[in-house]
Amino acid sequence: MDFKNIISHCKEYGFIFQSSEIYDGLSAVYDYGPNGVELKNNIKNYWWKSMVQMHQNIVGLDAAIFMHPKTWKASGHVDAFNDPLIDNKDSKKRYRADVLIEDYIAKIEAKNDKDVQKAKKRFDDFDEAMFRSTNGRILERQKKMDEIAGRLAKAMSSGDLGDIKAQIEELEIACPVSGSKNWTDVRQFNLMFSTQLGNIAGEEDKLYLRPETAQGIFVNFLNVQKSTRQKLPFGIAQIGKAFRNEIVARQFIFRMREFEQMEMQFFVQPGSEMKWYEYWKETRMKWHQSLGTPIDKLRFHDHDNLAHYANAAVDIQFQFPFGFKELEGIHSRTDFDLTQHQELSGRKLQYFDPELNENYVPYVVETSIGCDRMFLAMLSNGLQEETVPDADGKESTRTVLKLHPQLAPSKCAVLPLLKNKEELTKAARDVYDSLKLSFNCQYDEKDAIGRRYRRQDAVGTPYCVTIDFETLEDNCVTIRDRDTLSQERVKIEDLKSLLFKKIEG
Ligand code: ATP
């Protein structure tokens with residue numbers, strides 16, 4: 001489904017609303033509606049369970065959003081958490097200069113993908129890897145992409161803003177809105193939001209809204225390690241809000257100014273970090289697949305331009321409606337953060353290793369995923385228009401949200417066949433009451449049964465339970481499966497355990 005339709009579906013079905021909509025909205029800030037908050041909570045629970053509950057050596061934390069301002073000096077964010085911005089003089093539109101170049105690269109890549117698709121159709125025993133490594137046009141484009149990406153990475157890491165502008169001009173990149181190539185110089189823009197503590201304004205009292213949750217974990221490293229008596233390797237997981245004053249935020253909840261991160265910092269012995277980096281890369285990729293995301297919509301993308309704290313970094317990219325983009329980052333952060341905090345605070349942040357009988361600052365491997373981006377990935381993967389057989393045997397189209405049952409806002413809808421037959425509605429309410437403590441369920445008696453099924457399909461409810469006249473005789477109900485449309489007759493007394501099995505898998 002295209003991006004515009006996904007956005008309107010989100011509003012129509014109570015997933016996401018523009019913040020402060022009655023005042024014409026606040027740019028890049030969004031509110032989650034009744035179905036949205038359920039889906040978002042389910043994403044967070046699924047992540048938390050797989051990280052904290054399933055790993056004896058990973059524990060949780062919920063640190064405050066405000067932190068001592070020195071935190072952000074130590075982490076490098078005050079000095080280096082910048083994006084390069086550029087304005088188009090004619091359209092007056094502002095852009096991230098690096099993103100303009102990345103989008104240019106993506107266009108070349110799209111041409112290669114198109115050639116691959118064409119060739120795929122022509123040959124039965126098509127070998128994509130072979131085609132990509134031998135086809136002249138593809139190789140030529142690949143070389144060009146590598147050159148552009150390499151030069152951009154170099155300019156980004158050395159802060160050479162002049163070269164970024166030169167690249168934009170040499171590639172003749174035009175403003176997507178006006179088509180004009182009349183650009184300002186590139187400037188650095190710090191992404192941190194600031195406010196002040198108490199009522200005295202001044203540099204010393206400046207507070208920042210955290211731009212990542214990770215620092216709350218680093219400064220609590222010893223508190224957590226000592227209070228839980230964890231031994232290396234061990235991890236600390238946290239879910240929480242982060243804030244970034246993004247230069248451009250035009251892609252719905254993909255790039256927000258207030259968003260939520262699910263981060264885990266894994267503390268390891270120095271020298272073992274690459275092993276754990278590989279481990280978490282694979283583990284996180286499997287996590288995405290466990291939710292039914294097809295492998296061809298996911299890919300690894302190594303960073304060309306490493307952040308100031310990392311010695312290796314990879315993104316898990318997802319194929320959003322606007323192309324492959326970062327969904328999650330896995331970073332080997334070395335001992336950078338803990339060492340910096342140690343220096344600025346004057347407090348030791350070292351681990352005593354009983355096996356080696358020595359103290360050291362651990363190395364860290366981080367997994368960091370945006371909850372909102374995960375939400376958008378699940379919606380864009382799951383939302384589909386389908387042709388299905390009607391009750392009377394004809395065909396009709398339906399909009400269905402194929403979410404993994406564990407993520408679905410409601411697990412089950414209980415539907416009496418008719419609204420104005422009290423025996424039916426009473427029996428249906430009894431079934432609903434027997435389930436509501438175990439699952440998030442809905443009771444719906446309004447409209448014809450077909451329309452009620454469609455409403456549940458559109459919000460991703462995996463199972464509909466129908467109560468009909470036979471139910472009153474045999475105490476059985478019909479379960480309809482959202483994806484296969486198959487119907488199964490089961491005893492009411494078995495319903496809860498059956499649904500539990502289906503949902504928990
Ligand atoms: P990008 O390159 O897209 O700006 P990033 O590399 O700055 O992202 P990280 O600092 O690695 O992102 O943050 C970890 C995760 O947090 C990202 O993978 C993404 O899912 C999420 N994230 C980062 N910025 C935003 C944002 N503005 N809105 C929503 N999610 C975000």
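Where is the place of glutamine 456? I found glutamine 456 in helix α15, residues 449-459. I take helices (H or I, at least four residues) and strands (E, at least two) as DSSP runs, numbered from the N terminus.

**Ground rules**

I am working with a predicted model, where local features need pLDDT of at least 70 and side-chain atom pairs count only at pLDDT 80 or more, while totals for chains, interfaces and linings use all residues. Residues are numbered from 1 along each chain as its sequence is written, and side-chain values use heavy atoms, with hydrogens and water left out.

**Glutamine 456**

Next I asked about cover. Is glutamine 456 buried or exposed? Glutamine 456 is buried, at 2% relative accessibility. Buried means under 20% relative accessible area, exposed over 50%, and partly exposed in between (1.4 Å probe, protein chains only). I then listed its contacts (heavy atoms within 4.5 Å). Leaving out residues up to four places away in sequence, glutamine 456 touches Ala413, Gln442, Asp444, Thr461 and Cys464.

**Aspartate 115**

I looked up a charged residue next. Aspartate 115 sits in helix α5, residues 97-122. Its relative accessible area is 12%, so aspartate 115 counts as buried. Beyond its neighbours within four places in sequence, aspartate 115 contacts Phe131, Arg137, Ile138 and Arg141.

I followed up tryptophan 47. Not counting residues up to four places away in sequence, its contacts include Ala237, Met262, Arg284, Trp287 and Ile369.

**The ligand**

How many residues surround the ligand? I noted 16, each with a heavy atom within 4 Å of the ligand. The closest are Glu246, Arg255, Met256, Glu326 and Leu327. By class, this shell has 4 nonpolar, 5 polar and 7 charged residues. Here Ala, Val, Leu, Ile, Met, Phe, Trp, Tyr, Cys and Pro count as nonpolar, Asp, Glu, Lys and Arg as charged, and the others, Gly among them, as polar.

I checked side-chain N or O atoms against ligand oxygen atoms. For glutamate 326 the distance is 2.6 Å. For arginine 373 it is 3.1 Å. The ligand exposes 590 Å² when taken alone, and the protein buries 87% of that. These areas come from the Shrake-Rupley method with a 1.4 Å probe; for residues, only the protein chains shown count as cover. Strands β10 (258-268), β13 (323-334) and β16 (363-370) each give two or more residues to the shell. The largest share, 5 residues, comes from β13.

I finished with the backbone. A cis peptide bond joins leucine 232 and proline 233, with omega about -5°. Proline 233 lies in the loop between α10 (221-228) and β9 (234-243).

Alanine 28 is not a glycine, yet its phi is positive, about 65°. I placed alanine 28 in the loop between β1 (16-18) and β2 (30-32). Alanine 28 is buried, at 3% relative accessibility.

Glutamate 172 also has a positive phi, about 55°, and is not a glycine. Its loop runs between α8 (161-170) and β6 (187-190). Why does glutamate 172 count as exposed? Its relative accessible area is 54%, and exposed means over 50%.

Note on methods:
A polar contact is a pair of N or O atoms within 3.5 Å; within protein, one must be able to donate a hydrogen and the other to accept it, and residues adjacent in sequence count only if both atoms are side-chain atoms.
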